[in-house]
Each structure stands twice: as structure tokens, then as C-alpha cells.
Amino acid sequence: MTAKNKSLTAFASRSDLKEYGDNGLLLFVSDLVLGIEDIKTFASTSLTDGSNDKGCDLVAVSEEHRQLIIAQGYWSAKERVSASSGKATSMNQAVSWLFAGNLDEVPSNLRGAAEEARLAISEGRVDEVQLWFVHNCPESVNVKTELRQAAKTADGIITRHFADVRVDVTSKEYGLESVEQLYERGQVPILVSDVIEFEIPGGYHFSGDEWSAFSTLISAKHLHQLWNTYKSDLLSPNIRSYLGSTRSTRNINNGIKGTAQSDPSNFAVFNNGITVLVHDFKVSDTRKGKQRLSVTGLGIVNGGQTTGSIGSIDVQKFENLGSASVMARFIKCDDEAVLERIVRFNNTQNKVEATDFRSKDGIQLRLRDEFKSIPDADYRGGMRGGDTDAIARSRTLLADKTVAQALSAFHGDANRAYNETRTIWERDDVYSAVFTESLTARHVVFVFGLLRAVESVKYGLINTPEEERTAMQKKQADFFSQRGSIFLLVQAMGDSVEELVGRVVVDRHSLTFKENLSPAEAEAAWIPVVERALGACSQLAEATNQNLKSTEKTSKAISTFMAMLGAIISAAPEATTQFAKLVETS
């Protein structure tokens, strides 16, 4: 297999992406960059559906990365010398509609995305807007030029319309070369294989059962030279490449450059330094009374922004860079499992996630044990780990975030499910309300199946050509184009569950299927009911206007939905009667 087709071969093997057609590669790249645990829910909430998308195929707010991603995808069925620069030019149109267009005139399939993007910026929830053009063609100067212009357009609009907010805008062409690099970084931790020597003042050697390491100081000037020799190949184990720097007070890279230039003698203690993976290292004495560190292979697993910032300094202008040093830790590890964890934990800056604190919680321990008896279900309950290979994505995984969202929405809080998912894991009061003592694995499957059914029904509706949609289907598609709509429908279905099962439900947490269904079987059981409920979903549209944040509008909309759903069920009770036979309540 040649280097040119490894990433596309990996993409072709992703059976979970086939249903998304031309948007599949866009989702594949999103997974490589953002590390998405549940691609189905990500696609349902981030893809902008419809032909009139104004040059925009995906809009995603990543709370974890504090980024807003605006992307366009293109797939060519035949080989081309480059992607059309006209497709990249349309990104100017996309950012104009998203950030400045009159919302009443923004196409319905893009309106929800525009509202969400503007709200995320105005509330200070994002520090960076990234413009992507993802395609399967060779990259070109023309495309990059058009993308840079689109970034300037976006920056100007944001500066004009959000004067009190500082946001950096970057652009990236993800063509064959960049996608291949992304994939290779996930598969091969060290791309630079040369022997490199550092003159060091000394250091400290330490080791574990499966690894050995050496900590020291290296010259910032030498690091600058390495960057200008190898560029982003230096960062092969790093999830993020160098993001660039702007003159923004919020931009950390600009601060790194400023510190290295203005106070080089103290840089080593002001900066966190870098962590480097190597194939081997050897320390020897020199005639100058110092030591020489010789490393074979080099990949910076943590400290990519430090490296890129120092590498981008004009040394002719700042000659005193030579007096700056960088703390560096060099690690040799031949155990693939340990190496994978080194890469993963260093790439998150050893950040402790909220789910980590809950992984040993008694409820999560019990749920993980109960899920052992659920067929075709993989629930990890806050435990990190698992395969990070972009080739494999378990279709049986119930992602922690998605489970929390489904439970929160079903039990009455779609706003938290969509806009404040992290608080479910972070706040004790919210966590205990969602993950109750009485919660069972089979109830999780019941609720998770509903969310999956809503996502599947939405996808089937959106894939119906617009010219073939009935008037009712057009209203339903308009509803699903709004951000948070799938969680709002899950909440409405949860609030209407007595109508659906035809009897009083004292405790919704007791709802399960009588048979021990797999999540996929639970989804199939829910689909006919969800399809029936779509007839009332237009009543929920008003609640999506503020991204579900108005509890008064949500309550009123769900009340109207329930009344209409009751009428629909009374007129044609077959689907719900059959569903009720499958459900068990206490």
C-alpha cells in the first residue's frame, strides 16, 4: 500500500460513514481532528442539510476545543489536478450568511446553524473560528488563496458585528496531502527519523518498566532550526498542528513569541516546555565540559504551539533568541499500548476530564457491570481507553456524552442535553439527577434507542429530495434543520410517554423493553413511533428559536405537541399499540 492511499483506504473501510455520501470524507476528517466519539450524533447535529446551503456543509461548535468549525466538503469521482477554487471561494458566501445575513432571509436549513454560531461567539464560548475545505484532490495554491480570503472576510465580519469579543480566524485546505498527514500522525507517532544532536547543560535520566526518559534544556535557537527544517512533521504525534499566531491578547502563540523575544533568559521557567518521542537517545560528554544528547527520530507529542511559535520568529530581527532555552523531556518507548497512552494523555495536556471523576462512581461501576448482559452494547461509563485508530469505530459503542444527552433530554432537559452537556458530569446536583440510583442499563438502552431512532428518521427525511417532499415533510425538514431539534423531540417524546404506552407511568426511569434488546433493536422498536410523532413536530419549532434556551417557549411548545400527538394516536393507534406491548413499566 502506498503512502498516497492509506488514508483513503482507511476512510473506505469506515462503514459507519458510507450513509453520508459526499459528506463522509468531511466527517472522517472531523473525526481525525476532533476525536469524535459518536459520529452519528455529531453528524445529526452538525451537518447543514439541503441544496441551498450557501457553500456550507458543516457547522460545529466544539466546546472542548473552544472552536467553531465551518466546513465545505467535495468528493470527486475521478482524478483531478486540484479541487475547484470556486468551491473554496463560496466559503466567503458561507461566512457572510452565517455571521451577517438577515436571519429572516437565511435559508431554513442554515438558519439554526447561523443562530448557534452567532450565539457561541457573542457568549465568548469560542476562541477560534476554523474554515475547512475538505476534498479528495491534490491541494493547490489557488484554493489556499481563496480560503485565506474567506478567513479575512470572516474576521472582518466578526470584528464588525462582535466588537467586544476576540476571536482568531484560520483556514485549512484538507486535500489528499493534509488528510494523509492527519492519518499518518494517528498511525505513526514519529515521522522525522534522522539522528539529531543537542548540546545540553546536563539533565536527568529516569525510567519505568516500558519506557525511559531524559529531561534537560535545549536551545530555543536549535528548536527554531528544527522547525524550519522539518516543519509540521516535527509534530507528528501531536493532535493539533501549529495553529499560527495573531496579534490577539487571547492568542497563546502570540504570547509565547513575545516572551521568547522580550525575556529570553527566563523563557525556560515561563513556558511549560515540550515532550518529545524518540526511537532512541544517548548522552555523552563533550570537550567543552558540557554534554551532547543524540536522539534517533523525533516527534513532539506536547508543546506543538511552543515549537511553532519559536520556529516562526524572525531570528535576524530578534538576535537574543539564542539565550532562550526550552525545557524538554525525551521519551523512548517500544510498547505500543503504553506509547498510545503517552500520546493520548500528553495531547490532552494531562487534562482531567469531568468523566474521569465519575468513572469510579458507584453508579457507573454498576452500569458497566449491568451492560455486560446487554447484547451488542459497549458502555464505558467514563472510563478512558479503547482503540483510537481512525479505521475502527465500534458500532456498538454507547458514547458517554451521547448517553448523558439522551437521558437528560428524555427526562425533561433538552437544553442541557444540547447546550450544557459538560455540566452533567461536572455538577454533582445535575449528575445525580441524570444518573440516578435507580437508573438501569436497560433503561439507558430504552432512551438511547429513542435518540438513535430520531436521528435515523431525520436522516431518512433529509435524504428525500426536496422536490419530492410533501408539504408536511417540508415542515418536518425545517424543524430538523434547527439546532438541538433532535434533543427537543426526545424530550417531547419523553413527556408524552404515557400517551405512547397507553398507561400511567409513575417513574420514567422504570421504563424498559420487556425483552433484553440491544441498542440497535431498541432503535428499530422506536422508529415506527417516532415516524408517527413527526406529524406533531412542527409544533416544537418555536422552542428552537433560541437554541432551546427559553424554558417558557419549550414548555409551551411541548404542551401543544402533546395535544396534537394525542389526536394523531387516537386517529391511528396501531403503531403505538404495538410499541406499548414491547414496553415494561413498574
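Trainee: Which ring does K172 lie over?
Mentor: K172 lies over the face of Y174, at 5.7 Å from the ring centre. A charge counts as over a ring if NZ of Lys or CZ of Arg is within 6 Å of the ring centre and within 35 degrees of the ring normal.

Trainee: And R508, which ring is under that one?
Mentor: R508 lies over the face of F410, 6.0 Å from the ring centre.

Trainee: What sort of model is this, and how are residues numbered?
Mentor: It is a predicted model, where local features need pLDDT of at least 70, side-chain atom pairs count only at pLDDT 80 or more, and totals for chains, interfaces and linings use all residues. Residues are numbered from 1 along each chain as its sequence is written, and side-chain values use heavy atoms, with hydrogens and water left out.

Trainee: Back to rings. How many aromatic pairs are there?
Mentor: The count is 20 aromatic pairs. Rings of Phe, Tyr and Trp (its six-membered ring) pair if their centres lie within 6.5 Å; planes under 30 degrees apart are stacked, over 60 edge-to-face, and the rest tilted.

Trainee: What is the geometry of F11 and F28?
Mentor: F11 and F28 are a tilted pair, with 5.5 Å centre to centre and 55 degrees between the planes. The pair links distant parts of the chain: F11 belongs to helix α1 (residues 6-12) and F28 to helix α2 (residues 24-34), 17 residues apart. Helices here are DSSP runs of H or I with at least four residues, strands are runs of E with at least two, and both are numbered from the N terminus.

Trainee: Is F11 buried or exposed?
Mentor: F11 counts as buried because its relative accessibility is 12%. F28 counts as buried too, at 0%. Buried means under 20% relative accessible area, exposed over 50%, and partly exposed in between (1.4 Å probe, protein chains only).

Trainee: What about W132 and Y174?
Mentor: W132 and Y174 pair edge-to-face, with 5.4 Å centre to centre and 80 degrees between the planes. W132 is in strand β3 (residues 128-135) and Y174 in strand β4 (residues 168-174), 42 residues apart. Both residues are buried.

Trainee: Which residues do ring pairs link into a cluster?
Mentor: F410, F446, F513, W526 and F579.

Trainee: Change of topic. What is the strand order in the open sheet?
Mentor: The order of its 4 strands is β1-β2-β3-β4, with mixed pairing. Strands β1 (58-62) and β4 are the edges, each pairing on one side only. Neighbouring strands are turned by 20 degrees against each other on average, direction ignored. Two strands pair if DSSP finds at least two bridges between them.

Trainee: How many bridges join β3 to β4?
Mentor: 7 bridges, and the two strands run parallel. L131 stands opposite S171 in β4.

Trainee: Which strands does α2 touch?
Mentor: α2 packs on the sheet and touches β1, β2 (67-74), β3 and β4, its direction making about 135 degrees with that of β3. Helix α4 (residues 85-100) lies across β1, β2 and β3, at about 140 degrees to β2. Axes are lines fitted to C-alpha atoms, for helices over the stretch in contact, and angles run from 0 to 180 degrees between N-to-C directions. Contact means heavy atoms within 4.5 Å.

Trainee: Where is S30 found, and what does it touch?
Mentor: S30 is in helix α2. Not counting residues up to four places away in sequence, S30 touches G35, I36, F42, L58 and W132. S30 is buried, with a relative accessible area of 1%.
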